[in-house]
Amino acid sequence: MTAEYEAVKPPESELVIVTGMSGAGRTTVAHALEDQGWYVVENLPPAMLGPLTELMSRSQGSIPKMAVVMDVRSKEMFPEIRDALAHLTSSGVKFRLVYLNASDEVLIRRFEQGRRPHPLQGDGRIVDGITLERGITEQLREAAEIILDSTAMSVHDLARSVNELFSESGPIILRINVMSFGFKYGLPTDANYVADVRFIPNPHWVPELRPQTGKDKEVSDYVLSQEGTKEFIENYLKALEPVFEGYRRENKHYATIAVGCTGGKHRSVATTIELGRRLAQFPNVRVNISHRDLGRE
């Protein structure tokens, strides 16, 4: 009797490419992924990306998860990364591109504290290297599926974010960060979608509400009871439904929705909390709520 064996298909490999600004936390991300069992390759020249992915595909599942860190330490070879990624796409290789970002002020402080020069500053200043690097990596930032802004993060916060992003298995879990902010402090650089709630009457002009925040029930009740607020939230949620379905089709896992008012204290905070509460009821959606500018006034 001839035994029949069912062919076991090796698990589909995952490829993540990590890039972005020097000093923004690429090493922290690499270590966090390595701790989760990812095979991590740092400072890979772009020309080696193709052969590395071929090796991964021939591994028959022995390298199920690979993360590649590519940055400007590759010097003049770094611009070739765009061609390397285009080649992966044309070859049908699926990958996720993660871009690490931070404000110029924070990057400068980190380099000064570490007493290390920026890899592109040459004989100039740290800020000169940062400016040059932003120009070189701008197209990668625009193409990235995930942008992590570490401006206000400690290394532990960043590692925790990475763990939340890449630790799940099973159905695609969409991780949605709903963030309140104040327009007077500038737009969040990592926002995929921006909602403006300055059309809502401002609790700042109500004396008893002014010292409170959108986390307080009195302010929340005031904001959510204003004409048009609940309709805005309902319609915004409906508009996001096809977006989330498209994310799943395109194998995208993460997005930041930024909700802004003038100072980021009342209207945006209350709306963010309500929007996050409602989004958390969507299937296979994990929501994180943050308030970028709360407490700055």
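**Cores, rings and a buried charge**

The largest nonpolar core has 47 residues, and L33, L49, L148 and F166 are those with the most contacts inside it. The model is predicted, so local features need pLDDT of at least 70 and side-chain atom pairs count only at pLDDT 80 or more, while totals for chains, interfaces and linings use all residues. Residues are numbered from 1 along each chain as its sequence is written, and side-chain values use heavy atoms, with hydrogens and water left out.

Q: What makes a set of residues a nonpolar core?
A: Its members are buried Ala, Val, Leu, Ile, Met, Phe, Trp, Tyr and Cys residues joined through side-chain atoms within 4.5 Å.

Q: Why is F166 called buried?
A: Buried means under 20% relative accessible area (exposed is over 50%, partly exposed in between, with a 1.4 Å probe and protein chains only), and F166 has 7% relative accessibility, so F166 counts as buried.

Q: What makes W38 and F166 an aromatic pair, and of which kind?
A: Rings of Phe, Tyr and Trp (its six-membered ring) pair if their centres lie within 6.5 Å, and planes under 30 degrees apart count as stacked, over 60 as edge-to-face and the rest as tilted. The centres of W38 and F166 are 5.8 Å apart with 80° between the planes, and the pair is edge-to-face.

Q: Why is D190 said to have no salt bridge?
A: A salt bridge needs a side-chain nitrogen of Lys or Arg within 4 Å of a carboxyl oxygen of Asp or Glu, whereas the nearest side chain of opposite charge to the buried D190, R292, is 6.7 Å away.

Terms used:
Lys, Arg positive; Asp, Glu negative; His and termini not counted.
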